[in-house]
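Here are my notes for your review. Please read them alongside the coordinates.

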Amino acid sequence: MRIAGGYALGHIADKFGFFKTMKIICLINIATSLILFILESSSIFENAILICLAHGLLTFMRWSSLIIPITYIFQHFKQEKAYKYSAIALSAVVFGMLTNNMFSIVYENTDHFSVFLIYVSSGLLGYIIYSYLGNTQKIKIEKARETQISKAAISLAFLLSGICGICLSYQFYFVENCFNTVMIVETAGERLAYSPFWITLFLTLLPIAKKIKDLDLAKILQISLCGILISVGLFYIIPAYSKPILFIHQVIYAVSFGVFLAPALRFIYQLLHGNHSYFRMNFIFGAGVSTFIMISYLMAKTKLLSAPFLGLVLITTLMASCLGIISYFKFSKENAAYKCY
């Protein structure tokens, strides 16, 4: 559904423009939340297939609700502001994940009505904001132009998207599911949830994006990979899954991922000539993220190796592949078309 959403909503954005597409996404969010509330809180509709379909609709628009606005930011703002605004948009998404993560840990049996109110209120607020901005900002919609993009550029964009997916799924499948005690602090009989990864990522994403905005992609990949290697290495240098070790790992890993995340979207945009089309970036990002989240999930279930090491193997493989493609660009005539290197 993520891939289908990237395909369909990308084409819709190219045809009808940014604001109309975002209002459609908000309306889907509201309608699906209402359907889920009815299905999950009522004994009348005890049908797992209907519930799965409703969740599928939420998934359908999930990444598009981030990537389409990010593409719009790069299209319509100058470079300095684009870095800042895209990092702010990412920070908002991370804050939402942080809130959801903490809420689900503290309140394991979350009341359906509370979740319904959160989704509907966010959908209504988004619809009002996009309606207002759409009426006040009269930006001419240009028809997407056909431009040639090399297979190497598409492959690199796909793998960069995959790294985003694997780094996020590493946190879910290889850390939180295996060592969820790091997320809980027992205080006077009460359960207090905290997320070192999400909190650190939220606090450092914007400052990091400003600091490294002039670095090329190869250097960013190298810095990010070194930090991730150090963070996972802590598990084996000090072989004890204690809370202090997990906490330090989470902080270093979050900063290392933050080094990569914001610039990755900018490079994907440049590689796919995003100024001409929403579709390319939306579809390829959705396909890359979804594919490698699924790979992470399947590999985590095998339990062939320790969870942190297995996640590191996936991340290292993808980052090394990206560095190989970048080396190809550097020695290729096609490099002239891509100023990001």
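1. Start with L310, which lies in helix α12. The model is predicted, so treat what follows as computed from a prediction. L310 has a relative accessibility of 5%, and the cut-off for buried is under 20%, so L310 counts as buried. Its C-alpha is 7.8 Å from that of M299. Along the sequence, L310 and M299 are 11 residues apart.

2. How do α7 and α12 run relative to each other? Helix α7 covers residues 151-176, and helix α12 covers residues 307-330. Their axes come within 10 Å. The crossing angle is roughly 165 degrees. Angles over 145 degrees count as roughly antiparallel, and α7 and α12 therefore fall in that class. The crossing of α7 and α12 is left-handed. As for composition, the residues in the contact of α7 with α12 comprise 23 nonpolar and 4 polar ones. No charged residue takes part in this contact.

3. Helix α7 also packs with helix α10, residues 243-271. Here the angle is about 155 degrees, and the axes are 10 Å apart. That makes α7 roughly antiparallel to α10. The crossing of α7 and α10 is left-handed. For the pair of α7 and α12, the crossing is left-handed too.

4. L271 belongs to helix α10. Is L271 buried or exposed? At 0% relative accessibility, L271 counts as buried. L271 and A152 are 119 residues apart along the chain. Their C-alpha atoms are separated by 9.5 Å.

5. Next, helix α4, residues 64-76, which holds I70. I70 has a relative accessible area of 0%, so I70 is buried. Between I70 and Y83 the C-alpha distance is 9.9 Å. In sequence, I70 and Y83 are 13 residues apart.

6. K210 sits in helix α8, residues 196-211. Its relative accessible area is 46%. What separates K210 from K84 in sequence and in space? The answer is 126 residues in sequence, and 7.1 Å from C-alpha to C-alpha. When you check this pair, note that the value is for C-alpha atoms.

7. Now the aromatics. How many aromatic pairs does the structure hold? The count is 20. Ring pairs join seven residues into a cluster: Y170, F172, F174, F197, W198, Y253 and F257.

8. R266 and F267 give a charge over a ring. The charged end of R266 sits over the ring of F267. The distance from that charged end to the ring centre is 4.6 Å.

9. Last, the overall make-up. The protein chain has 12 helices and 2 strands. From the N terminus on, the order of elements is α-α-α-α-α-α-α-β-β-α-α-α-α-α. What share of the residues in the protein chain is buried? Of the 341 residues, 48% are buried.

Methods:
Residues are numbered from 1 along each chain as its sequence is written. This is a predicted model: local features need pLDDT of at least 70, side-chain atom pairs count only at pLDDT 80 or more; totals for chains, interfaces and linings use all residues. Side-chain values use heavy atoms; hydrogens and water are left out. Axes are lines fitted to C-alpha atoms, for helices over the stretch in contact, and angles run from 0 to 180 degrees between N-to-C directions. Helices (H or I, at least four residues) and strands (E, at least two) are DSSP runs, numbered from the N terminus. Angles under 35 degrees count as roughly parallel, over 145 as roughly antiparallel, 65 to 115 as roughly perpendicular and the rest as oblique. A crossing is left-handed if the near helix is turned anticlockwise from the far one by less than a right angle, and right-handed if clockwise. Ala, Val, Leu, Ile, Met, Phe, Trp, Tyr, Cys and Pro count as nonpolar, Asp, Glu, Lys and Arg as charged, and the others, Gly among them, as polar. Rings of Phe, Tyr and Trp (its six-membered ring) pair if their centres lie within 6.5 Å; planes under 30 degrees apart count as stacked, over 60 as edge-to-face and the rest as tilted. A charge sits over a ring if NZ of Lys or CZ of Arg is within 6 Å of the ring centre and within 35 degrees of the ring normal. Buried means under 20% relative accessible area, exposed over 50%, partly exposed in between (1.4 Å probe, protein chains only).
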